[in-house]
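Student: I am new to this model. Please take me through its labels and show what each one rests on.

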Amino acid sequence: MTFLRLLPALLLGVAGLAAEPVRYVIHVSVDGLRTAAVTALSATSLPNFTRLRLQGAGTDNARCDFDFSITLPNHTTQLTGRGIAGPAGHNWSNNTDPAPGQTLATNKGAYIAGVFDVAHDHGLRTAAYVSKSKFALFAASWDAANGAPDTTGPDHGRNKIDLYRHDGNTAALVAQLAADQRAQPARYAFLHLTDLDSVGHALGWDPTPGSPYSNALLRIDNELGVLFRLVDESPALAGRTAIVFTADHGGFEKNHGDPTLAVDYTIPFYVWGPGVTGGADLYALNPATRANPGSGRPGYDAGPQPIRNGEAGNVCLQLLGLGPIPGSTIGAAQDLAVGR
Ligand SMILES: [Zn+2]
């Protein structure tokens with residue numbers, strides 16, 4: 001009897017809850033994540049990556065931007081749904097701290113909307129947790145002075161990121177996110193974790209178990225575990241929270257700046273949460289609209305497109321039931337299926 005009563009719940013996915021709409025999204029970008037390091041370790045060494053991969057739908061063969069495999073441009077791509085180069089691109093190709101007064105708009109000569117704009121203009125609380133100082137670009141571009149006026153329904157103001165936190169210590173950063181989310185959850189929270197990129201530049205992108213890079217991955221697994229515990233243990237979040245998980249670029253030896261190298265442009269993309277088919281391959285779920293690029297590097301004119309980190313923002317909004325980022329070109333149709 002007990003088993004029969006449990007069975008429907010077990011069949012209904014992640015938290016055993018039936019298709020409750022997603023109310024909260026945590027968008028995680030692990031800087032410099034090479035999936036080869038994940039698959040080189042045993043499932044038990046990485047319990048939280050294992051959970052993400054078993055309960056989430058995803059691929060280890062997503063792509064970063066076509067022209068650049070560096071950090072700040074690719075995070076701008078994730079948050080704006082635009083490539084970097086060209087008339088439709090966000091055009092931010094610099095990978096250093098922005099100069100005082102510099103924003104995405106001053107660089108482009110036109111306002112660039114982001115995922116924060118759409119969420120905030122619909123009255124959703126937003127937050128960003130970043131572990132590199134150069135992400136100040138986002139705080140500056142979308143603050144009370146530089147964010148666009150809110151013309152969607154009631155006016156929620158121009159400051160599109162309600163809570164912006166920078167801490168180079170990612171364990172402290174993630175603990176702060178968990179504390180904040182327990183107290184006053186953001187409906188959309190962006191989290192950037194620097195550890196693997198920092199170790200990669202200093203000591204190499206070596207996916208071999210026992211390497212400094214692989215050991216840093218164990219710490220990232222712990223941080224992912226903090227997020228899972230946050231969701232599991234919070235009555236407001238459990239069964240109503242999705243995680244969109246990707247990276248800005250991979251890496252090789254001590255760098256990642258060559259966008260023509262597969263080790264640089266190959267990244268993971270996973271979605272976890274209510275309605276997601278656990279263990280599903282995102283390419284298999286989307287045969288008409290996304291094409292697995294094999295080892296290749298398709299341009300933005302290829303059809304169908306590979307799954308890209310640049311669609312993370314639009315996928316987050318899709319999960320929240322909101323439309324795409326204005327001006328976005330990557331995933332703007334919001335048609336990525338994550339469940340059967
Ligand atoms: Zn990076």
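Student: At what angle do helix 9 and helix 10 pack, and how far apart are their axes?

Tutor: Helix 9 (residues 195–203) and helix 10 pack at about 170°, and their axes are 9 Å apart. Remember that this is a predicted model: local features need pLDDT of at least 70, side-chain atom pairs count only at pLDDT 80 or more, and totals for chains, interfaces and linings use all residues. Residue numbers start from 1 along each chain as its sequence is written.

Student: What makes helix 9 roughly antiparallel to helix 10?

Tutor: Angles run from 0 to 180 degrees between N-to-C directions, with axes fitted to C-alpha atoms, for helices over the stretch in contact. Under 35 degrees is roughly parallel, over 145 roughly antiparallel, 65 to 115 roughly perpendicular, and the rest oblique. The angle here is about 170°. Therefore helix 9 is roughly antiparallel to helix 10.

Student: Which residues of helix 9 and helix 10 meet?

Tutor: Asp 195, Leu 196, Val 199, Gly 200 and Leu 203 come from helix 9. From helix 10 come Pro 212, Tyr 213, Ala 216, Leu 217, Arg 219 and Ile 220. Contact requires C-beta atoms, placed from the backbone, within 7 Å. By class, there are 8 nonpolar, 1 polar and 2 charged residues. Nonpolar covers Ala, Val, Leu, Ile, Met, Phe, Trp, Tyr, Cys and Pro; charged covers Asp, Glu, Lys and Arg; the others, Gly among them, are polar.

Student: Why is Ile 220 called buried?

Tutor: A residue is buried with 20 or more other C-beta atoms within 10 Å, exposed with 12 or fewer, and partly exposed in between. Ile 220 has 23, so it is buried. Ile 220 touches Val 30, Leu 193, Asp 195 and Leu 196, leaving out residues up to four places away in sequence.

Student: How does helix 3 cross helix 10?

Tutor: The axes of helix 3 (residues 47–55) and helix 10 (residues 212–233) come within 7 Å and cross at roughly 60°. That makes helix 3 oblique to helix 10. The contact divides into 5 nonpolar, 2 polar and 2 charged residues.

Student: What makes two strands a pair, and what sheet do they build here?

Tutor: Strands pair if DSSP finds at least two bridges between them. Here 7 strands form an open sheet in the order 2-7-6-1-5-3-4, with mixed pairing. Strand 2 (57–63) and strand 4 (163–166) are the edge strands, each pairing on one side only.

Student: Why is strand 1 called mostly covered?

Tutor: 7 of its 7 residues are buried. Tyr 24, Ile 26, Val 28 and Val 30 point one way, while Val 25, His 27 and Ser 29 point the other way.

Student: Which residues touch the most other members of the largest nonpolar core?

Tutor: Val 25, Cys 316 and Leu 320 do, in a core of 85 residues. Helix 10 gives the most to this core, with 8 residues. Such a core is a set of buried Ala, Val, Leu, Ile, Met, Phe, Trp, Tyr and Cys residues joined through C-beta atoms within 7 Å.

Student: Why is helix 13 called largely enclosed?

Tutor: 8 of the 8 residues of helix 13 (residues 312–319) are buried, so the rest of the structure largely encloses this helix. Its buried residues pack against several elements, including strand 1 (24–30), helix 4 (71–80) and helix 6 (115–121).

Student: Is Asn 91 buried or exposed?

Tutor: Asn 91 counts as buried, because it has 20 C-beta neighbours inside 10 Å. Its phi is positive, about 70°, although Asn 91 is not a glycine.

Student: And is Glu 253 buried or exposed?

Tutor: Glu 253 has 11 other C-beta atoms within 10 Å, so it is exposed. Its phi is near 50°, a positive value in a residue other than glycine. Glu 253 lies in the loop between strand 6 and helix 11 (262–265).

Definitions and conventions. Helices (H or I, at least four residues) and strands (E, at least two) are DSSP runs, numbered from the N terminus. Two residues are in contact if their C-beta atoms, placed from the backbone, lie within 7 Å.
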